[in-house]
Amino acid sequence: MFLDEITFVVGAGASTEYGQKVFPVGSGLRTRIEEGYNFTGRLNWGTTDSGDKELFNAIKRRYRVQTEDYQKRIAASLLIKDHLYMFPSIDAFIDHYDHEDNCVAEMGKAAIAVQIARAESSCLMAPDPERSSYSFDIKRLKDSWLEPFARILMDNVRDPHEVGEGVSIICFNYDRCIEFYLIEALRRRYRIDYSEARQIVGKMNVVHPYGTLGPLPEHEMMHDASHPNFGPDVDGRFDVWNLVPNIKTYTERVEEGEALSRIHKAMTDCRHLVFLGFGFTTENMKLLSTGDSFPRPDAKNFMLTTGVGVYEQVVPSLKDNISDLFANPNGTQWQDSTRVEVDMGCAKLLNSYYLMLQG
């Protein structure tokens, strides 16, 4: 049994509902990056009294102290520390300064990679380093939205290789929690090994507009710089510079036509559109906007969004914004089928609409 063409759009708000609020998003990520680049002391001599020592040491390992390359990276780090607070996010900061010097983008992305790696390693999905299996106790997340989300994908599906058919996931977060959770859920539900579960998840239509640390390992406990383990240790062996190209700015993502085509196809082809913890920021809405490509004006059965912190007074405007994603003369017809669940989080929404979504 295949699901009825559902697209899930996952935003930063969903990262706070993994059962433990450890993922830095928005202002939280910005603050951690500011603190990490608070380098002080004899920087020209390769020492700092504060800031993120691992990140500082990573700069020294890649760029020899007192060289021009080293000085430029330190200058970019301090620029981020002193001026990031004036921007809504690190992404906006990078986009603003990137045309001046690519060192700013490099150092901004390096800081993002370090913070996401630490968040993965401290969340409830972090594998136990004492165990030989690349696995975690999935029951820890029984109250998170990932549990009903996995059930929607897997219930009534006997063949694990059919899981995810008819489903698209557009995740605006850097972390790989959705993929790693689904791998573990597949392993336990269908009693298959990591490699087979990883292959199934790898075939699902999952798009990260702003990138991730990289694809998860293809084999259990595989050590490969291009496929970092979930929750890698940030230490002397952590190659942050190999991960920097995986992190994308808004401008870079707009320029990648294939990724945008996948996003727009997922938006236009689905019958049900579900927003989970999505903030509806201008940049993200531009990425989701389908322009004039909407082929099926009667395709949407319903569009659904969480509404934690949303006031009833803004619901009509929010419905307008969602309808405006589709360039169609009859776009307003979806307002009646668009449901904004005020003060409802991701887990409650998926549990409440389970039967409708599972079909």
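Modeller: Let us begin with alanine 197, which touches Ile183, Leu186, Arg187 and Ile192, leaving aside residues up to four places away in sequence; a contact here means heavy atoms within 4.5 Å. This is a predicted model, in which local features need pLDDT of at least 70 and side-chain atom pairs count only at pLDDT 80 or more, while totals for chains, interfaces and linings use all residues. Residues are numbered from 1 along each chain as its sequence is written, and side-chain values use heavy atoms, with hydrogens and water left out.

Biologist: Why is alanine 197 called buried?

Modeller: Buried means under 20% relative accessible area, exposed means over 50%, and partly exposed is in between, with a 1.4 Å probe and protein chains only. Alanine 197 has 0% relative accessibility, so it counts as buried. Its place is in helix H8 (residues 194-203), where helices (H or I, at least four residues) and strands (E, at least two) are DSSP runs numbered from the N terminus. In the protein, buried residues make up 55% of the 359 residues.

Biologist: What makes S2 a mostly covered strand?

Modeller: Five of the five residues of S2 are buried. Val167, Ile169 and Cys171 point one way from S2, whereas Ser168 and Ile170 point the other way, and all are buried.

Biologist: How do you know that S1 and S2 pair?

Modeller: Two strands pair if DSSP finds at least two bridges between them. Strand S1 (residues 6-10) and S2 run parallel and are joined by five bridges, so by that rule they pair. One of the residues involved is valine 9, whose bridge partner in S2 is isoleucine 170. S2 and S3 also pair in the parallel sense, over three bridges, and isoleucine 169 has valine 206 as its bridge partner in S3.

Biologist: What order do the strands of the open sheet take, and why is one side of S3 and of S6 left without a neighbour?

Modeller: The six strands of the open sheet follow the order S3-S2-S1-S4-S5-S6, with parallel pairing. Strand S3 (205-207) and strand S6 (338-342) stand at the edges and each has a single partner strand, so one side of each lacks a neighbour in the sheet. From one strand to the next, the twist averages 15 degrees, where axes are lines fitted to C-alpha atoms, for helices over the stretch in contact, and angles run from 0 to 180 degrees between N-to-C directions. Helix H13 (residues 315-323) lies across strand S4 (272-276), S5 and S6, and runs at about 135 degrees to S6.

Biologist: Why is the pair of aspartate 52 and arginine 118 called a salt bridge?

Modeller: A salt bridge is a side-chain nitrogen of Lys or Arg within 4 Å of a carboxyl oxygen of Asp or Glu. In this pair the closest N and O atoms are 2.5 Å apart, so the pair meets the rule. Aspartate 52 lies in the loop between helix H1 (27-36) and helix H2 (53-62), and arginine 118 lies in helix H5 (residues 102-122), so the pair ties together parts that are 66 residues apart in sequence. By this rule the count comes to 13 salt bridges.

Biologist: Are aspartate 52 and arginine 118 buried or partly exposed?

Modeller: Aspartate 52, at 9% relative accessibility, counts as buried, whereas arginine 118, at 28%, counts as partly exposed. In another salt bridge, glutamate 120 and arginine 176 have their closest N and O atoms 2.7 Å apart. Glutamate 120 is buried, with a relative accessible area of 0%, and arginine 176 is buried too, at 1%.
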